[in-house]
Amino acid sequence: MESDGPTPPALTGEAVRRPRRRDVLRGATLGAAAVALAACTPSGGDRARHTGTSPGPRTAVFPAGFAWGVATSAFQVEGATTADGRGPSIWDTFSHRSGAVADGGTADRACDHYHRMDADLDLMKSLGVTSYRFSVAWPRVMPRGRGAVNPAGLGFYDRLVDGLAGRGIQAVATLYHWDLPQALQDAGGWENRDSTEWFADYTAVVARSLGDRVTRWLTINEAKIIAQQGYQTGQFAPGRTDRVASGRVIHHLGLAHGRAVQVLRAQGVTGAVGPCLQLAPCSPADDSAEAKQATDLADVTENTLYLDPVLRGSYPTALSAADPEVARGIATALRSGDLETISTPVDFLGVNYYSPQVLGAAGPITRYPPSAAGWQQIYPSGLTDVLLRLHHEYGSPEVVVTENGVPDAHGEDLHDPSRIAFLRDHLLALHDAMAGGAKVRGFHAWSLMDNFEWSNGYSQRWGLVRVDFDTLRRTPKDSAGWYRKVATSNQIHPA
Ligand code: FCB
């Protein structure tokens, strides 16, 4: 596809000598932690007894100004997919394909947040949150992805950020959460290098409209999942199964991220700017050399493939061994100067954490308790691991946890003790990472309310607030009340 471009430079820059991750984690002393967090944690004694590997009842106090948030994305909650000039996205197309989504679900109506935004903002306010992470739907703003701007679409987000400001809630805006305009997919989508400039132009439009009121900008949500699910397994839109193409897509998403950072800065936005990466700590299932090797390779495809270009300006050296086809795709797309663009300095990192990966010689295994989302193992200390890794190996960037959560356990509805335990344990793990020096500025629970969970449709409920998808009535679950207490007191109490 890019073969007529200049000779691609090497995939990697200078080899960076860095401590091995397991050493770092072992060395991340919670003793130093106690000192670091003393200023914001009166109950250091409680915390000192806690090892970071077995979260349990204890008190944890968060620093003043810590952002307590909830998260959603446009396609999952808005509905109103043809209202006011919105164009179709790849997820509209994909979800209408027979068999693509559980129970034939679509997001045509979803939570109808588009028509209920004011009430939903009141709901957020009643939860005591101080930050809301949402995404802007590209096909609402530019129905064909490029060219004409749709003022009604832009107007919705304008009212949303004003509504947040009026309620004292920070706006955390994601520019791309998977809903590529279908017209752009028809022109090659993220496989086409031009996508990076389409995205830059769209970013400029949004920045001109919202740039004075958004506290944090996130460029692209989870390039990893776009590549793996959208282009490798084909379980997500656009439903492709071509690993080499997924490599090109990964590169173009990185480049689009870098261009968006540049555009946001050029537009003079007042908020901080960063990527949104889903990270998964990898560890071996046993002591065998095979498991260790599988772990090192998985760490590339789960983490460093996305971290290194953005934060170090290079692709990981082990990429060719970890995934030769992806490496080939990237090599065909890479042009001189690209890595400089991808590594344009950012202000912070958005981190989504859900699950670790445990690798045996024969592939991933399940070591920790699985949640109702088939792919998720519940391992709170994994959040400490990823945050401390960023602190020790990536220059300690400022971090905001932009997603973390769990679906209702089987049989749960308004009473969701398993979600309370999940959030409590992950917040304690986050607190441990802060005690170890990680600069974490906020946390966003996924999700504000039950919504369209991609290929799982409405079969998984991830919300603090229950949504009745017949009446669209919203009812806070027990976890919403628990989270409210945490957010408004800025601390976790032993329960
Ligand atoms: C993340 C997505 C988010 C949601 C959660 C459960 O990977 O970013 O939209 O679906 O998973």
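**Ligand site and helix packing**

Analyst: In the side chain of Glu222, an N or O atom is 2.6 Å from an oxygen atom of the ligand. This is a predicted model, where local features need pLDDT of at least 70, side-chain atom pairs count only at pLDDT 80 or more, and totals for chains, interfaces and linings use all residues. Residues are numbered from 1 along each chain as its sequence is written, and side-chain values use heavy atoms, with hydrogens and water left out.

User: How far is a polar side-chain atom of Trp454 from an oxygen atom of the ligand?

Analyst: Trp454 is one of the residues around the ligand (a heavy atom within 4 Å). Its polar side-chain atom and a ligand oxygen atom are separated by 2.9 Å.

User: Is α12 parallel, perpendicular or oblique to α15?

Analyst: Helix α12 (residues 243-266) packs on helix α15 (residues 324-333) at about 50°, with axes 6 Å apart. Axes are lines fitted to C-alpha atoms, for helices over the stretch in contact, and angles run from 0 to 180 degrees between N-to-C directions. Under 35 degrees is roughly parallel, over 145 roughly antiparallel, 65 to 115 roughly perpendicular and the rest oblique. Therefore α12 is, relative to α15, oblique.

User: Which residues of α17 make the contact with α13?

Analyst: Helices (H or I, at least four residues) are DSSP runs, numbered from the N terminus. Helix α13 (residues 289-312) and helix α17 (residues 381-393) pack at about 40°, their axes 13 Å apart. Contact means heavy atoms within 4.5 Å. From α13 come Asp299, Asn303, Thr304, Leu307 and Arg312; from α17 come Arg389, Leu390 and Glu393.

How values were computed: Helices (H or I, at least four residues) and strands (E, at least two) are DSSP runs, numbered from the N terminus. A polar contact is a pair of N or O atoms within 3.5 Å; within protein, one must be able to donate a hydrogen and the other to accept it, and residues adjacent in sequence count only if both atoms are side-chain atoms.
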